[in-house]
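Here is a short briefing on one structure. Keep the sequence and the 3D view open as you read.

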Amino acid sequence: MTQSGVSHFYIAYRQTGPEPGGIAVLDAATGRIRTTRALMGSRGLAARSGGTATKLYALSEGGHNISAVDTQTLETDTLYSDQEQSWATDVAVNADGSRLFLAQGLGVLEVDTASGKEEEHPVPQKPVFASWGTITASPDGKRLYLGRQGQNSNRKVTPCVLAMDVPERAQEGTSAQDDNAEETDPGPGQAVDIAAPAEKFHGIQVLLSADGATLYAFVPHQADPLVAIDTATLTVTARAQGPAPTALALSPDGTLLYAVHADRAGSILNAADLTETGTFPSTPDKAPAIAVAPDGTVCMAYSDHTCTLIAPDAAEAFAPARLAGAPLAVVTAAASEADPQPQPEYVGQYRRDAMPRRYNEYSGGHGMWSTDTTCEQGTFVPAYDKGYEGRYTLTDGVGVWRKGVLGSGENKKFYRIPAWDNLIVDGDDVTWL
């Protein structure tokens, strides 16, 4: 059991092979995964700000479904599902958790979280005609900020963000789905350029301060830096030094930004002027996810399926834990009080200094071959399902083990790990707890 109200980290991860995507609950005190929940493949995750939310909103990988997830039980309900609508690329929730906003390219779908009622809002295409891929909402839900969708064409376009006021109903007292109710004209949007024109770029990432006063925007992997935008004037007020980060999170008090980079350790920035005030231990990664809990604990999830925590003022990160798939998003919310699907107890940790080998079954169990999935030293290993014991020969020098012939080879044990997509681990690589 976990003390009620204590925050944990909830990590949405991608479907891997036949295994569905889902949500992992990372214990903020121990850095270990307490439980997981399969969830139709997941594109993203949203939670009311502040770390005390008891509802999460998971956007399916196909972009056509939103599931409400209870943080206390991990039980899920479908809040929105429509295969006919344009697929959504991102989801945001307002401060009180009453409304969701889904970015759908040329439009935004608003969903009432209590009733599930939907309302479509076309995105103003002046002054910029574009498709919009990321979204964040002002605390009161009356203004949206959209990041331009990345594109792969050879035509140069300008990375920018768009401020869009949510249209109001002309007739008070009408429901969100009342066809007789008319929306007021939202007028043109207000665009802010954040980087130089580029031929190809990733979608612009947007992050709004808790008070709604400052918008942070960047294009991952680009030479142009992270920028801060005053939402009252929609002008760029600060630019960070160096290339943009790959992921960004805001401290609970709104004074610091935590940036993960593709080529160096993490940096801590002053949220007001974007000057660097310090660093934190992180692994360079091209597709990480990051969040900060109310007590200042930082959670990082990496594309190699590992995740780890850094306690406030700690010099080192926790030993990594392993996800069942590549992470997509991480949020902090009120901890679950019980494990509806308990994870196996952790029984070991990787002990190799070099890249550990991990194995999958080959030819009906007659051999083991290495995969391209790796674990960092110290990664927690959950309980195994069954063992493969016998004499094996390392046949090609790069990690492929096959059953020995006529008693040849080394005595080996391999262990199947159900929580890791049934991959098989070399027991020699593990320090058993």
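Strand β17 (residues 214-218) and strand β18 (residues 227-230) pair in the antiparallel sense, over four bridges. The model is a predicted one.

- Ala 217 stands opposite Val 227 in β18.
- Both strands belong to an open sheet of four strands, ordered β16-β17-β18-β19, with antiparallel pairing.
- β16 (205-208) and β19 (235-239) stand at the edges. Each has a single partner strand, so one side of each has no neighbour in the sheet.
- From one strand to the next, the twist averages 30°.

**The aromatic rings**
- The count comes to six aromatic pairs.
- One of them is Tyr 384 with Tyr 415: the ring centres are 4.5 Å apart and the planes stand at 45°, so the pair is tilted.
- This pair links distant parts of the chain, 31 residues apart. Tyr 384 is in the loop between β32 (380-382) and β33 (387-394), and Tyr 415 is in strand β35 (residues 410-417).
- Tyr 415 also pairs with Trp 432: the centres are 5.0 Å apart and the planes at 70°, so this pair is edge-to-face.
- Trp 432 lies in strand β37 (residues 430-432), so its pair with Tyr 415 ties together parts 17 residues apart in sequence.
- Tyr 384, Tyr 415 and Trp 432 form one aromatic cluster.

- Tyr 415 has 11% relative accessibility, so it counts as buried.
- Tyr 384 is partly exposed, at 41%.
- Trp 432 is partly exposed, at 34%.

**A charge over a ring**
- The charged end of Arg 32 sits over the ring of Phe 380, 4.0 Å from the ring's centre.

How values were computed. Residues are numbered from 1 along each chain as its sequence is written. This is a predicted model: local features need pLDDT of at least 70, side-chain atom pairs count only at pLDDT 80 or more; totals for chains, interfaces and linings use all residues. Side-chain values use heavy atoms; hydrogens and water are left out. Two strands pair if DSSP finds at least two bridges between them. Helices (H or I, at least four residues) and strands (E, at least two) are DSSP runs, numbered from the N terminus. Axes are lines fitted to C-alpha atoms, for helices over the stretch in contact, and angles run from 0 to 180 degrees between N-to-C directions. Rings of Phe, Tyr and Trp (its six-membered ring) pair if their centres lie within 6.5 Å; planes under 30 degrees apart count as stacked, over 60 as edge-to-face and the rest as tilted. Buried means under 20% relative accessible area, exposed over 50%, partly exposed in between (1.4 Å probe, protein chains only). A charge sits over a ring if NZ of Lys or CZ of Arg is within 6 Å of the ring centre and within 35 degrees of the ring normal.
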